[in-house]
Amino acid sequence: MFGSKKSPLKVAKPSSVESWTNPFDSNDEGMDTKKYSSSRKTSSERALTTLGVNTNPFDDGTDANKKSSSTLYGFQSANWNKYKNDFRDSGGLENQSVQELESYAVYKAEETTNSVTNCLKIAENIREEATQTLVTLHQQGEQITRSHHVAADIDHDLTRGEKLLGSLGGLFSKTWKPKKTRAITGPVIVGDDPVRRKGNHLEQREKLGLTSAPKGQSKLRSPPQEPTNAFEKVEVEKNKQDDALSDLSDLLGELKGMAVDMGSEIERHNKALNHLYDDVDELNFRVIGANQRGRRLLGK
Amino acid sequence: MADQLSKGEEFEKKAEKKLSGWGLFGSKYEDAADLFDKAANCFKLAKSWDKAGATYLKLASCHLKLESKHEAAQAHVDAAHCYKKTNINESVSCLDRAVNLFCDIGRLSMAARYLKEIAELYEGEQNIEQALVYYEKSADFFQNEEVTTSANQCKQKVAQFAAQLEQYQKSIDIYEEIARQSLNNNLLKYGVKGHLLNAGICQLCKEDVVAITNALERYQELDPTFSGTREYRLLADIAAAIDEEDVAKFTDVVKEFDSMTPLDSWKTTLLLRVKEKLKAKELEEDDLT
């Protein structure tokens with residue numbers, strides 16, 4: 001039954017260059033080498049294009065002559081193109097000299113650093129947007145509470161109006177009592193969960209030793225000396241990646257906290273809106289009754 | 001368009017006629033108000049904004065004669081919205097009158113809202129001094145009505161403009177106060193480091209290294225997590241650069257921060273001021289040597 005089906009890898013016989021797969025890739029990645037290489041290419045190209053651009057208003061142009069980190073490592077664009085397609089045009093990894101492979105390792109390390117830094121930037125942007133969203137949610141919560149307060153005020157005024165409508169009418173007309181199905185509760189402020197609230201209090205957390213100790217200067221701004229060999233260069237890049245990943249981890253933790261707070265706040269809003277809806281519905285019912293009474297009086 | 005314009009003029013004439021005639025128990029003002037309202041709507045449809053604004057002002061005076069201040073205030077607001085298209089100053093004066101009327105009838109939240117609108121108009125006209133004054137009034141009104149989020153938004157605007165006008169201490173006080181308030185709120189606590197960064201940048205503009213260091217210590221006490229943030233590192237490194245009078249270090253520090261979180265125009269302006277002062281100091285040093 002399954003005999004006719006061939007393995008997808010054996011269907012098309014690729015040329016010797018294309019059949020080569022990265023020995024460090026996992027097997028399933030090998031299937032989609034083409035698909036990945038294009039996206040990888042764009043990300044590295046993006047990294048390349050950003051190197052020379054200078055848009056910072058604080059630049060004096062003094063360091064325009066400074067070489068970028070990549071050129072410090074002595075890469076020419078020709079080499080970069082070679083690395084970008086993983087030496088497919090020059091016989092694969094196996095046929096490269098040790099020096100070439102070292103340079104390739106440095107290039108890959110730099111590319112990874114750029115990717116991690118980009119992730120960090122994206123996370124920072126998300127964090128800023130999330131902060132704004134939380135402020136808006138807080139404002140919305142306040143507005144719901146204020147609207148409910150107004151509904152309670154309307155209830156007071158309506159009660160007085162109903163009394164006046166009840167006292168109107170002829171001498172022999174039967175007294176009118178407004179229909180009320182339930183009392184108006186007014187805003188039910190659903191506070192934060194006190195346990196969680198206390199747990200979140202920064203000073204108490206610090207006393208308990210829950211807050212992570214403030215990190216020192218995490219970024220290796222100026223390494224003690226310029227890395228000389230490829231191994232040192234890769235180590236420097238790895239340190240940069242570690243710092244960036246550590247920052248990213250903290251940011252993602254914070255984003256998780258934000259998401260939880262957003263969720264609980266929206267839940268509070270839902271509860272508050274349910275109460276508000278009930279009260280407004282009751283007010284609506286009473287206003288209709290008062291209008292009917294008014295019409296009846298005018299009809300007489 | 002022309003059709004609506006002639007209709008509007010017709011309604012206006014009828015209204016004027018009503019006002020000049022005799023009416024029973026002030027009913028002439030009610031009728032005139034109705035006609036002025038129709039006329040103003042026609043002028044709006046004809047996009048004749050000045051005429052629409054003027055008609056709304058006549059409508060407002062009718063409502064005042066009838067002692068319905070709320071309607072009069074609303075008519076002034078409508079007039080302001082018409083004048084907004086052609087004459088900002090007239091728009092502001094209409095909103096100002098509306099605010100006074102809302103205050104008279106105790107509608108302070110409405111007054112606050114329109115004070116904020118006046119501030120926004122001035123801001124649009126780049127009249128920062130007046131914008132600051134009205135944002136401050138608006139914040140005050142919102143605070144009285146316990147609309148804290150809107151109050152804080154207005155206060156932040158005040159702080160922003162105060163810093164632009166080199167009233168740094170005022171700006172610092174506002175940002176620190178907002179940060180203090182935000183710490184006690186589960187939703188607003190995430191914005192604290194942003195407020196402290198703004199306050200810190202204003203501290204840097206004062207160029208008092210001791211004050212900056214003290215402020216950073218105070219911010220750490222206020223929010224124990226602040227010392228681990230990139231914002232804290234930026235402020236501390238800039239303070240060090242100012243202390244060492246090292247422009248290159250200052251530039252590197254700012255560039256590194258900007259590469260991760262692009263600085264907005266307000267921060268850029270203030271940091272450029274700091275840099276200019278630092279450069280001037282460096283030049284002085286060079287002249288002396």
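This is a short walk through a predicted model, taking the confidence of chain A and then the fold and side chains of chain B.

Let me start with chain A, where the mean pLDDT is 69 and 53% of the residues reach 70 or more. Within that chain, confidence is lowest in helix H4, residues 33-51, with a mean of 42, and highest in helix H10, residues 230-299, with a mean of 88. Over residues 63-76 of chain A the pLDDT is below 50, although the model gives this stretch 21 contacts beyond near neighbours in sequence. There is also the stretch at residues 193-199 of chain A, where pLDDT stays under 50 and the model has 10 contacts beyond four places in sequence.

Turning to chain B, its secondary structure comes to 14 helices and zero strands. The chain has 289 residues, and 49% of them count as buried. If we take the contacts in chain B with a separation of 6 or more, 57% of them are made by residues 24 or more positions apart.

The UniProt record, in an unreviewed entry, places the feature "coiled-coil region" at residues 151-185 of chain B. In the model that span is 86% helix and 0% strand, and its end C-alpha atoms lie 15 Å apart.

Is Lys155(B) buried or exposed? Its relative accessible area is 13%, and because the cut-off for buried is under 20%, Lys155(B) counts as buried. Its side chain makes a polar contact with the side chain of Gln143(B), at 2.9 Å. Leaving aside neighbours within four places in sequence, Lys155(B) is in contact with Ala139(B) and Gln143(B), and also with Ile174(B), Glu177(B), Ile178(B) and Gln181(B).

The second residue is Ser182(B), which lies in helix H9 of chain B, residues 168-183. Ser182(B) has a relative accessibility of 3%, so it too counts as buried. Its side chain reaches the backbone oxygen of Ile178(B) at 2.8 Å, while, not counting residues up to four places away in sequence, Ser182(B) touches Leu188(B), Lys189(B), Val192(B) and His195(B).

Now to the aromatic rings, of which a search of the whole structure finds six pairs over all chains. One of them is formed by Tyr135(B) and Phe161(B), and the ring centres are 5.9 Å apart with the planes at 35°. Why is this pair called tilted? Planes under 30 degrees apart would count as stacked and those over 60 as edge-to-face, so an angle of 35° makes the pair tilted. This pair links distant parts of the chain, with Tyr135(B) in helix H7, residues 128-144, and Phe161(B) in helix H8, residues 148-164, 26 residues apart. Both Tyr135(B) and Phe161(B) are buried. Elsewhere in chain B, ring pairs link Tyr219(B), Phe226(B) and Tyr232(B) into a cluster.

Finally, there are two lysines placed over rings. The charged end of Lys85(B) sits over the ring of Trp49(B), 4.6 Å from its centre, and Lys137(B) lies over the face of Tyr134(B), at 4.6 Å from the ring centre.

Notes: Residues numbered from 1 in each chain as written. Chains lettered and ligands numbered in written order. Predicted model: local features only at pLDDT ≥ 70, side-chain atom pairs only at ≥ 80, totals over all residues. Heavy atoms only, no water. Phe/Tyr/Trp six-rings, centres within 6.5 Å; stacked < 30°, edge-to-face > 60°. Helix = DSSP H or I, 4+ residues; strand = E, 2+ residues; numbered from the N terminus. Buried < 20%, exposed > 50% of the residue type's maximum accessible area, 1.4 Å probe, protein only. Lys NZ or Arg CZ within 6 Å of the ring centre and 35° of its normal. Polar contact = N/O pair within 3.5 Å; in protein donor to acceptor, adjacent residues only side chain to side chain. Contact = heavy atoms within 4.5 Å. pLDDT = per-residue confidence, 0-100. UniProt positions renumbered as here; feature names shortened; annotations may be inferred.
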